[in-house]
Amino acid sequence: MSVNGAASLLALVGIDTYYGQIHILEKLNLEVREGELVSLLGGNASGKSTTLKTILGLVQPRNGTVEFRGENVTGRTTSYRIKRGMAIVPENRRLFGPMTVLENLEMGAYLNRDGRGRKEDFERVYTLFPLLKERRNQLAGTLSGGEQQMVAMGRALMSHPKLLLMDEPSMGLAPILVERSFEIIQQVHQSGVAMLIVEQNANMALSIADRGYVLSTGRLVLEGPAGQLLEHEDLRKAYLGR
Amino acid sequence: MNWSLFWDLTVSGLTLGSVYALIALGYTMVYGILKLLNFAHGDVYMIGAFMGWFALHWLGGPVNPSATAWLVVVLMFLFAMVACGGLGVAIERFAYRPLRNAPRIAPLISALGVSFFLQNSALLLFGASFRDYDTFHLIGAKTYNYKDIFLSVPQLLTIVSAIGLMIGLTLLVARTKIGKAMRATSFDREAASMMGIDVDRVIASTFFIGSALAGAAGVMFALVFGQIYHFMGFLAGLKGFTAAVIGGIGSIPGAMLGGLLVGLAESYATGYLPQGSTFQNLYVFALLILIILIRPSGLLGKADVKKV
């Protein structure tokens, strides 16, 4: 694990993303350094999810570049980027409901080639979430919200990501589960995985982050160390998109 | 009760049902993954029957085959399956993929277009006359029997190889990496791509497998029932589609069950119902309507549950 403030892991440079005629992201610059935990905040329709989709290559930007591990991956496929070390816990978890927990985890390791690594990966995920080992043959769609969140995180960790993207990890969870979820996020982060967390729950997200960005209607309105943002007068305003 | 007639009808129904089941599988797999009714599927089946015919004639024809009959039949199946698999992949690539994000009606129209394209290409290239595998010369008229149940060699071959293919498909979908990727993609395509699954490749594989099964079905039909012609895919495709809907479209075991039911219903209707040999299709589609009225999502289909 490198020291914060070291090499850049992910950099978005001058990103413009459109859906048809609609300009979603405007000249977005964003960086995640190795081992860093970064929060991306913003209200509804501020472009947070689009930012993640642009990073993953599910949406192609019209202008600008996406750099990952020193490589320009802008024109590359999602599966290439994931092979290079990205993983995502999508909004609403998006588990494969009619498949078992085990199969969901296997899908997270889809691009891992060597069979030996996979056993370790399972062990690592089961150590983090012992419950998943018990439930491994249960259909993912039958789990409770909190359990599903664990599967979603476990699934993302199966591929040994360098950068873990999280889209609204607190959404739809009871407050106690939100706290638990953030504890796990910290735990994973401490194991050396860099993270970009998209959240509406600004306080929670900033309390564990190194740095933060605030988006409002597709534009960055604030950025800085998490501690400073937490105290920032404009945060609330920006966050609400006014 | 005339048991001998009953068993004859049952055997012929199971044979026909095997063919329909294999066609229905292609419909249901493509629907499961793309929510597309691939109306060109019946014509892929027709092409499969022709490919089997060509393989047979490249291998010396039914009267003087250049290898033993069994090997010839295996090669006919392999050739038809690979050719149809490739055709299916090409159809997806050129007729459906460009419309992946278009409104759902667009690929449906495209599928109808491909159907006409294949029918008329076959008419142009292969001519309008009927062709025959001449199974009599190739594998003889030997039948096996258990008491009153008589099975000809092609019938036995069809039923056994269809069961084999269905078991193979079930294992593939349940156990293999590509099978799991297919299930994941069919449940949530975007989430699948978020896992690094190459969705385009998974969809292409689905078309390959579904079309290869249709190709096998085409050869089976021709082995048992003889004649092949450019328009044979229309009705068989409709029956396969009916089978898929009866079983619950999107459900693989449903397609198998639906296929057998349609085959048996058609066969029993021919033997037992008034004017059955003329109106068997009336009875088959009446069965479809009846089942859909009682269970709108098909026998093994699930009612669409909205994803949360």
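Trainee: Before anything else, how are residues and chains labelled?

Mentor: Residues are numbered from 1 along each chain as its sequence is written, while chains are lettered from A and ligands numbered from 1 in the order in which they are written. Because this is a predicted model, local features need pLDDT of at least 70 and side-chain atom pairs count only at pLDDT 80 or more, whereas totals for chains, interfaces and linings use all residues.

Trainee: What confidence does the predictor give the complex?

Mentor: The complex gets an ipTM of 0.89 and a pTM of 0.91. For chain B the mean pLDDT is 94, and 98% of its residues reach 70 or more, where pLDDT is the predictor's confidence in each residue, from 0 to 100.

Trainee: How many residues does each chain put into the contact?

Mentor: Chain A gives 20 residues and chain B gives 15 residues, with two residues taken to be in contact if their C-beta atoms, placed from the backbone, lie within 7 Å. On the chain A side, helix 2 (78–84) and helix 3 (101–108) each supply at least two of the residues that touch chain B; helices (H or I, at least four residues) and strands (E, at least two) are DSSP runs, numbered from the N terminus.

Trainee: And what kinds of residues are on that side of chain A?

Mentor: They divide into 11 nonpolar, five polar and four charged, counting Ala, Val, Leu, Ile, Met, Phe, Trp, Tyr, Cys and Pro as nonpolar, Asp, Glu, Lys and Arg as charged, and the others, Gly among them, as polar.

Trainee: Staying with chain A, what is the strand order in the open sheet?

Mentor: The six strands of this sheet in chain A come in the order 6-7-8-3-9-10, with mixed pairing, and two strands pair if DSSP finds at least two bridges between them. Strand 6 (86–89) and strand 10 (219–225) of chain A are the edge strands, each pairing on one side only.

Trainee: How does strand 6 of chain A run against strand 7?

Mentor: Strand 6 of chain A runs parallel to strand 7 (residues 163–167) of chain A, and four bridges join them. One of the residue pairs is Val89(A) with its bridge partner Met166(A) in strand 7 of chain A.

Trainee: Which strands make the hairpin in chain A?

Mentor: Strand 1 and strand 2 of chain A form the hairpin, with two residues between them, and Gly20(A) in the turn has a positive phi of about 60°. Strand 1 (residues 8–19) and strand 2 (residues 22–33) of chain A pair in the antiparallel sense over eight bridges, and Ile15(A) stands opposite Leu28(A) in strand 2 of chain A.

Trainee: Over to chain B, then: what is it built from?

Mentor: Chain B has 12 helices and four strands. Its radius of gyration, taken over C-alpha atoms, is 19 Å, close to the 19 Å that the globule rule (2.2 Å times the number of residues to the power 0.38) gives for 308 residues, so chain B is as compact as a globular protein of that length.

Trainee: Is Ile163(B) buried, exposed or partly exposed, and where is it?

Mentor: Ile163(B) lies in helix 6 (residues 153–175) of chain B. Ile163(B) is partly exposed because 14 other C-beta atoms lie within 10 Å; the cut-offs are 20 or more for buried, 12 or fewer for exposed and partly exposed in between, with C-beta atoms placed from the backbone.
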